[in-house]
Each structure stands twice: as structure tokens, then as C-alpha cells.
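I opened this entry to look at the sheet and the nonpolar cores.

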Amino acid sequence: MIYETIITTRGQDGAIHMAPMGIREVEKHIVIAPFKPSATLDNLRRTGQAVINMIDDVSIVAGCLTGRRNWPTVPAEVVDGERLAAALAHTEVEVSHIEENEQRPRFYCSVRHQQTHAPFKGFNRAQAAVLEAAILVSRLGILPEDKIDQEIAYLSIAIDKTAGEKERQAWRWLMDRIREFRRGEANEGDAA
């Protein structure tokens, strides 16, 4: 099972880098598998530490994928990093070992600290739709355009019926990103 989260890592310049990323649990380890090349990959190799943020504000996911990475953070408790202030819960991890791979090395991490900050209020179809659209945006140039268009058409039903303002804003950012990509205007500097 893959859990969609926001991973925060510390860059070489000390800045906090945020990236939406799925994680897995394997034999008491949390596995983070960033694509090559990416800032998350570089930061994990250098520091061996990360913070996994569990959120319900999908505008953060959409924001990170569209160049909006200036979300409030607070210092982590144990590792040298920061967690999202909006996190419902967070897990601080340290890399135990790395399984190398040409495309996506797997970082097996041990939990150093976990904390819950706010209750989870339940599932919302619009939030799920934004998350699925964000995954599509992360694969622009890989998936065929007609596949993306079909998925977006279906997902927009949930946005129309159940979205709040945060979900609508996140959806607009993602739809703008798709249009920019198709016009050849997508930013190159948004690697996870």
C-alpha cells in the first residue's frame, strides 16, 4: 500500500525542500523512493534524514507541484529538519539503508519520532480528486494527453460536487499547470 504524503528534507543551503511523495511500510521500515534526479534524493543521500507529513490540505500537494513551496513549517523534534505546520501528524525518519536502482533508489528509514497534531475529519471526494490530478500532473510528458484528459473529466465531477475553496484553488493550480505544459511553459525546477 502506498500512502501519499509530503516529504520535507533539508537542502545543502539549509532551506527546507517539500515534495509530494508516496511512501510504503516494509518490515518495520518506511520506504521513500524518489526519482532520479530530484532534490529529495540529493537531500536524503546527504543528510540521511527526512520528515514525513500527513496532511488533509491538498492545496499543499498541488502547490508543491506547481512551484508553490512556501508553506509554514516548524522545527522537527528529533531529526535536523522541519515539519509542515499544517500536518495532521508527522513522522521523523533516519535512513537505515539504501537499495540502489537506476530510476528510483529506495531509502529504507527507521522511525525516530511520531506525533499527532490534529484530528482527521474524514474523507472528501474533492480532496481525492485533487490528489489524483496531482499524480497526473507529476506524470505530464509520460502519460498520453488523451489519458490525462479522460481522467481530468472524470475527476472534475467530484470537484464540482464536493470541493471547498482550498480544493477549488488546488484544482485551478493543477489545471493551469497542464495548460502551461501543453504550451511548453512548464517550469523545469520543480523536481521532487
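I am working from a predicted model.

**Sheet**

I looked up the strand order. Six strands form a closed barrel, E1-E2-E3-E8-E7-E4, and the pairing is antiparallel. I then checked the angle between neighbours in this sheet. On average, neighbouring strands are turned by 45° against each other, direction ignored.

Next I took one pair. Strand E2, residues 16-26, runs antiparallel to strand E3, residues 29-32, and four bridges join them. I looked for the bridge partner of Ile23 in E3 and found Ile32.

Which helix packs on the sheet and touches E1 and E2? I found H2 there, in contact with strand E1 (3-10) and with E2. The direction of H2 makes about 115° with that of E2.

**Cores**

I turned to the largest nonpolar core, which has 31 residues. Which members touch the most others? I noted Val130, Ile152, Trp171 and Leu174. Four helices each supply at least two residues of this core: H2 (58-65), H3 (125-137), H4 (145-162) and H5 (165-182). H3 gives the most, seven residues.

Leaving out residues up to four places away in sequence, Ile152 touches Ala133, Leu136, Trp171, Met175 and Ile178.

For context, nonpolar side chains tend to be buried together in soluble globular proteins.

Note on methods:
Residues are numbered from 1 along each chain as its sequence is written. This is a predicted model: local features need pLDDT of at least 70, side-chain atom pairs count only at pLDDT 80 or more; totals for chains, interfaces and linings use all residues. Side-chain values use heavy atoms; hydrogens and water are left out. A nonpolar core is a set of buried Ala, Val, Leu, Ile, Met, Phe, Trp, Tyr and Cys residues joined through side-chain atoms within 4.5 Å. Buried means under 20% relative accessible area, exposed over 50%, partly exposed in between (1.4 Å probe, protein chains only). Contact means heavy atoms within 4.5 Å. Two strands pair if DSSP finds at least two bridges between them. Axes are lines fitted to C-alpha atoms, for helices over the stretch in contact, and angles run from 0 to 180 degrees between N-to-C directions.
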